[in-house]
Amino acid sequence: MQTTRASKGISNTTKIIIALVVVILILGSYFGYQMLTHPIDTIVMGTTDSVQSSLDPSDAYDFFGWEIIQATGCGLVDIRPGSQAGPNDFVPALATSWSSSPDGLTWTFTLRRGVKFSDGTGFTSYAVKYSIQRGIEIANPDGPFLGIGYGDIINSIETPDDYTVVFHLNFPFAPFLSLMACPASYVVNPNYAPMQYFRINYTEGNARASSPMDLGPYILTKWTRVAGKDVEMRLDANPDHWNATGGYPKTKHIIIKFYSDATALRMAIDAGEIDVAFRQITATDVKDLQKKTNVKVWQGVGAFIQYLVFQEKIKPFDDPRVRQAIAAAVNRTAITSTVFLGLAQPLYSMVPNGMAGHQDAFKQLGDANYDFVRRTLRDVGYDENHKLVVDLWYESSGHYASSPDIAAVLKSSLEASGVITVNLHGADWPTYRSNMRAESMAVYILGWYPDYVDPDNYVYPFLHSSGGSWLHDNYASQAMDQLVEESRSETDAVMRNQLYAQIQTKLAADAPLVPLFQSSAWAVTRPVVEGVVLDITQNWRHWLLYKTGG
Amino acid sequence: MGSGSYIATRILMTIPTIVLLLTFIFFFVRVLPGDPVLLHFEKQARPEVIESLRHQLGFDRPILDQYLDYMLGVIRGDLGKSMEDFSPVSEQVLSAFPATLELSIFSMIIAVIVGVLLGVVASRSYNSSADHFLRFFGVAVYATPIFFIGMLLQLLFGIGLHLFPTGGRMYPGMEPCGLSFGGTTIRTGLYTIDSILEGNPVKFILALEYLFLPSVTLGLYLSGIFLRLTRSNMLDTLFAEFTIAAKARGLKAKTVMYSYALRNALLPIFTMMGLEFAALLGGAVLTETTFSWPGLGRYLVQRIAFRDYTAIQGAVVYFALVVSLTSLVVDVAYSYLDPRIRV
């Protein structure tokens, strides 16, 4: 077959053009890359999170929304960074002092004087009352005020003078200060949060109109969304912040860039394009980054937990012995070491490690305690020839990190007992939620981030027949209800801890849920970044961050 | 039928296509398991609250009423509000379109240049080791997962050589403003064009830098198709009678290759370009995810995951329009490229 003889080589003109293009590209890239280093007064942070709906505290009920509300707003009290969020760890913020009545039904806060909103309006007790009342009255069905039950807890709010706020409660609520420290309770600027507006939404090109928050260490000066997803945010230091004279925030400008997934975020921090990467980098990448010298890995206590839920409407999971046997068969160490490479801790109670009142209640059942498993299941009619069949469900669309891997490890550890067979079922999050509501999943895995940092928020939403109704697990115990209600109202710290001890003991006995693990928190930064605090509150405190170099 | 009538007819035929497709999608998404109302309530379970939101979203109305309301809205240009954050779907789609368009254009340029050039080289050196290598290259690059190509480029050029950024669309604060005059701003949303309009060479270079890796990733991946297609078509035209006749008349090899063979081989390639470009305008999910490119590719995937019915429907309207218009442009352009074809 003949082909046309090609002309010899490339012409000189073409060669020159190609060479010029390559030189321009390289020079241009180098020049452009020089622009990518950040000045010392600016921290660029990368994340895979995003604002789920808005920055309105009456509506926002997601991790990242609360993170930005904390950076741009302020509450009456705060929790000391690095503490265990115990009763003595609350520090003044917009309130300088507080007290509660002996019966726990009245809380009085004295407010800080001389604080101004960004529009020059003075901060007074009116703004506090307005903010909380607004959340309760709007009663956004998506929002935290209904979700946490502010209206059930707070009866009325009084403002006897400009610098005093008095909360009257429906019942003594021991974690009331924790509630006041949570971002849902932060004070809005009434001029930017009309009572009749259901939600203050994102407004294209107008950061001020997109958020009612004020008084925080930062002001939101830029917020860009594309197709409903965050692309970039900019926070600039608030000169009117009450603690500005204390040197806060430590860095004037924070730029937040949003990445699609953990791999893209890892690439960015490894390439030095960002100063901080926080949520979410995978455990594998963290382990790899720990070996590198161009980044620093920070690790701390996490407050995120995952647990198994039993649907007690489905036999034999209505039998506590079966539930205890499954709890004893779980090998938590296998999960934390295999799936999370040691970056998670085994959890033996619904109250997380490091929190006041925590007890390792499930340790009495043991981990991979197969003698106990076989003995207990034999008592209810299961053995090697007639195995207990467990349909274990997990969420498969990435709502929880590593769910399929966790489920696989659970299957392996339960089946190692020799008397259990596990059938795995995955479902995406919308289907998973529907199945939960339909009560069709026999055993399923869920996760939990706290609304406020107190054992109550790890107990009431799970073990109380009313508070835990969202689980649809059909667990109800009058004795447990009573214990939980008493623990919510008990103001004496010692008595409260005793009640939580009883709750956790009963939890291990009834085993309606099986705590699995508690995630650590980690962040990766360039070596010049300091001020990262990762504690039980899960608060990301932008205002503490600073750089020691460019 | 004149070309004007042809174009008008094709445009009008787009309407029933979209109506049929939208009807199918409207009912199909509602059959999928998963309740979008429940997704708003991470922890809240009070039935009256859930039903209140269901009522607010109109899901408690008869399905046919919901359908008719939605279709009437589409006729008015209202694609409804996203069920996730309640912002207008049309705004969401339009906000992401420029990023998708820019990536599509540059990726297509790279795909065509690389694919056609290499295809020509392969056909010229038919049955040689170069030809065999290029054929292998065309298959390999198309078979390699695109995110893998992307990650390799990120590791080499981003982390290793620090030449290009690994993700995002622009350096913070350097988004081009376009052309401003007398209180009016002309902004296309394409950063390369807008930086030229603004007269800012630094922003132009930065826009190209951020475009480089995702465009090369997608372009290389698609070049495999064009390489194989060009080679195959070139071999057909190189051995066609008119080419042999041209050689016999003593025309230069270069003239025969490019003015006769390649020119005639380009017609099917042009059709493929149109199809691929329309597909790219639907968004390149994996490339956008790998490079955190804020385009439409991830939009539909995310909306399906949230069971955001209105956003899914809106995205389908957009895709149908894009594909219809692109194929129309290809057909009309065809008639100019090939005098034998008349619309």
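## Exercises on the A–B interface

Across the interface of chain A and chain B, the rule finds ten residue pairs in polar contact (both at pLDDT 80 or more). A polar contact here is a pair of N or O atoms within 3.5 Å; within protein, one must be able to donate a hydrogen and the other to accept it, and residues adjacent in sequence count only if both atoms are side-chain atoms.

Before you start: this is a predicted model, where local features need pLDDT of at least 70, side-chain atom pairs count only at pLDDT 80 or more, and totals for chains, interfaces and linings use all residues. Residues are numbered from 1 along each chain as its sequence is written, chains are lettered from A and ligands numbered from 1 in the order in which they are written, and side-chain values use heavy atoms, leaving out hydrogens and water.

**Exercise 1.** Work out which elements of chain A supply at least two residues each to the side that touches chain B.

- Step 1: Go through the helices (H or I, at least four residues) and strands (E, at least two), which are DSSP runs numbered from the N terminus.
- Step 2: Look for the largest share: that's α1(A), with seven residues.
- Step 3: Now the whole contact (heavy atoms within 4.5 Å): 62 residues of chain A meet 66 of chain B.

**Exercise 2.** How many salt bridges cross the interface of chain A and chain B?

- Step 1: Apply the cut-off: a side-chain nitrogen of Lys or Arg within 4 Å of a carboxyl oxygen of Asp or Glu.
- Step 2: Count them up, and you get two.
- Step 3: Check one of them: the side chains of Lys222(A) and Glu175(B) pair up at 2.9 Å, N to O.

**Exercise 3.** Is Val231(A) buried or exposed, or something in between?

- Step 1: Find Val231(A) in strand β9 of chain A.
- Step 2: Skip its neighbours within four places in sequence and list what Val231(A) touches: Thr224(A), Arg225(A), Val226(A), Ile256(A), Lys257(A), Phe258(A) and, over in chain B, Pro294(B).
- Step 3: Take the relative accessible area, which is 26%. Buried means under 20%, exposed over 50%, and partly exposed in between (1.4 Å probe, protein chains only), so Val231(A) comes out partly exposed.
- Step 4: For a sense of the fold around it, compare Val231(A) with Ser260(A): they sit 29 residues apart in sequence and 9.8 Å apart in space, C-alpha to C-alpha.
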